[in-house]
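Work through the exercises below with the sequence and the 3D structure open. Try each task before reading its solution.

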Amino acid sequence: MPNSRPRPRRGAAGGSGAAGRDRLVARSLQSAEHCLGAQDVGTAYAHYLLVLSLAPELKDDMKETFQYTLFKWAEELDALSRIQDLLGCYEQALELFPDDEVICNSMGEHLFRMGFRDEAAGYFHKAVKLNPDFSDAKENFYRAANWLVERWHFLMLNDAKRNRVYNAAIQKAVCLGSKSVLDIGTGTGILRGPRMFARPEIYQSMSVYLKRNKRNHSTAQKQNQHTPILKLILNLLWRLGSEFHGIKLCTFL
């Protein structure tokens with residue numbers, strides 16, 4: 001267990017207020033050490049939390065001891081299924097140490113085990129940004145990222161017959177004189193080959209266009225009518241102007 005008895009530093013303010021604070025900090029440190037030795041990590045964590053709130057100048061000296069106590073207490077809370085208390089402790093810890101990659105990584109590990117993989121990936125990513133050489137955080141981040149990829153994507157991307165059909169259609173359009181292919185919904189970019197237009201403003205325009213036609217689309221659905229996707233794309237290209245003049249579109253319905 002790391003050394004948990006740093007001496008409080010008296011601030012420049014002096015007076016009875018500072019002296020009273022120093023006495024409280026000293027007593028709380030003594031109580032925290034006693035509780036930790038008695039395996040009462042929950043009470044020890046509360047004392048350390050009080051100490052660091054009253055004397056933030058002790059953060060550097062107490063960092064390892066605080067981490068050790070937090071992680072031990074989190075293990076007990078996890079075993080008792082006190083999930084809200086566990087997450088609350090980590091939130092308190094991150095308020096005191098917002099740039100601590102070890103606490104971020106540990107928070108991510110708990111979230112990942114609970115099934116909150118999106119949130120876990122965020123904490124792993126933050127830990128890696130804080131310390132690019134933190135191997136545990138990098139491994140955890142890659143593991144979380146792998147879980148976030150939908151399993152059906154692999155089946156789709158490895159569907160050789162499907163990919164050959166798309167490739168043949170693109171090659172046919174190019175051979176007929178098209179110099180560019182506009183891929184709506186590029187996704188992984190597996191179909192990328194010929195020179196394509198992929199500008200952010202295209203998708204912004206698509207979003208605006210869809211929002212403006214949302215009411216008409218809802219009415220069409222109620223009437224069991226569907227607006228052809230080809231008409232939607234052609235209207236979009238017409239709105240964008242002549243930059244895409246001459247592009248041939250292939251749709252698979």
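Residues are numbered from 1 along each chain as its sequence is written, and side-chain values use heavy atoms, with hydrogens and water left out.

**Exercise 1. Confidence**

Task: find which element has the lowest mean pLDDT and which the highest.

Solution. Start with the term: pLDDT is the predictor's confidence in each residue, from 0 to 100. For the protein chain the mean is 75, and 61% of its residues reach 70 or more. Finally, look at single stretches. Residues 194–210 stay under 50, and the model has 33 contacts for them beyond four places in sequence. Residues 240–253 are also below 50, with 27 contacts beyond near neighbours in sequence. Where pLDDT is low, the predicted coordinates should not be read in detail.

**Exercise 2. Helices H5 and H6**

Task: determine how H5 and H6 are oriented to each other.

Solution. Helices are DSSP runs of H or I with at least four residues, numbered from the N terminus. H5 covers residues 101–114 and H6 residues 117–130; they pack at about 160°, with axes 8 Å apart. Such axes are lines fitted to C-alpha atoms over the stretch in contact, and angles run from 0 to 180 degrees between N-to-C directions. Angles under 35 degrees count as roughly parallel, over 145 as roughly antiparallel, 65 to 115 as roughly perpendicular and the rest as oblique. H5 and H6 are therefore roughly antiparallel.

Then list the contacts (heavy atoms within 4.5 Å). Among the residues that meet are Cys104, Met107 and Leu111 in H5 and Ala120, Tyr123 and Phe124 in H6.

**Exercise 3. Helices H2 and H4**

Task: determine how H2 and H4 are oriented to each other.

Solution. H2 (residues 41–54) and H4 (residues 83–96) pack at about 25°, with axes 11 Å apart. H2 and H4 are therefore roughly parallel. In the contact, Tyr45, Leu49 and Leu52 of H2 meet Cys89, Gln92, Ala93 and Leu96 of H4.

**Exercise 4. Ser28**

Task: decide whether Ser28 is buried or exposed.

Solution. Ser28 lies in helix H1 (residues 15–37). Buried means under 20% relative accessible area, exposed over 50%, and partly exposed in between (1.4 Å probe, protein chains only). Ser28 has 4%, so Ser28 is buried. Leaving out residues up to four places away in sequence, Ser28 touches His47, Leu50 and Val51.

How values were computed:
Predicted model: local features only at pLDDT ≥ 70, side-chain atom pairs only at ≥ 80, totals over all residues. Helix = DSSP H or I, 4+ residues; strand = E, 2+ residues; numbered from the N terminus.
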